[in-house]
Amino acid sequence: MRVIIEDDLFAIALKSIHQPLGTSDPAILDQAAERNRALLPGIVALDPTMTNAAALLADSSYPIGYNRTFDALGAQLLNPAVEFVLPEEGAMLWIDTFVVPTSSTRKSPAWQFIDFILCPEMNDLITNESFVATANERATQFIDPALDFSQRSRSRRISGRTATGHYILSYRHQLWQELKSITTR
């Protein structure tokens, strides 16, 4: 089977062996890497910057995709037969972050922008137009019910990464480079 994978292949493998995403145990990471090696023959893309994932899912070139929400919902707009589902094992939570560097000389306008972008009406616009989920509960009243993932997220095991030590990040990177070298599609 041909599968598009745009995101962290380790997250998929760790979830499939019922392990936490932020694991720091090299033996578990080795198990995940072995699981990934087994999956690689069916994976056709490992590119997180892939811009045409929605079209590739919509035209049935790739019957399965582990993609960002906006790719799946964009594919649904192109082909209503495309279905967005969360894996039984759970999925990785994603989040966008706004920060103001301490060295910024324009902190006030930066904070004004963050206040503006986080208001419920703007979150509504962002979610309804780009299919990116929001964590702003006050915005859900404005969001197209088909795009409200809050109920789906609560009913499934959605987990985020925890802080991971430098050694483990380095080890994961090493395993990732090894896997990428096996297949470059």
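Good morning. Helix H1, residues 9–16, is mostly covered, with 7 of its 8 residues buried, where buried means under 20% relative accessible area, exposed over 50%, and partly exposed in between, using a 1.4 Å probe and protein chains only. Those buried residues are Leu-9, Phe-10, Ala-11, Ile-12, Ala-13, Leu-14 and Lys-15. After H1 comes His-18, whose phi is positive, near 60 degrees.

A word on the source. This is a predicted model, in which local features need pLDDT of at least 70 and side-chain atom pairs count only at pLDDT 80 or more, while totals for chains, interfaces and linings use all residues. Residues are numbered from 1 along each chain as its sequence is written, and side-chain values use heavy atoms, leaving out hydrogens and water.

Turning to the whole chain, there are 8 helices and 5 strands; helices (H or I, at least four residues) and strands (E, at least two) are DSSP runs numbered from the N terminus. Their pattern along the sequence is β-α-α-β-α-β-α-β-α-α-α-β-α. Of the 185 residues in the chain, 38% are buried. Among contacts with a separation of 6 or more, 60% join residues 24 or more positions apart, a contact being heavy atoms within 4.5 Å.

Finally, the surface. Which residue of helix H5 (residues 107–118) deserves mention here? Phe-116 is found in that helix. Phe-116 counts as partly exposed because its relative accessibility is 45%.

Thank you for your attention.
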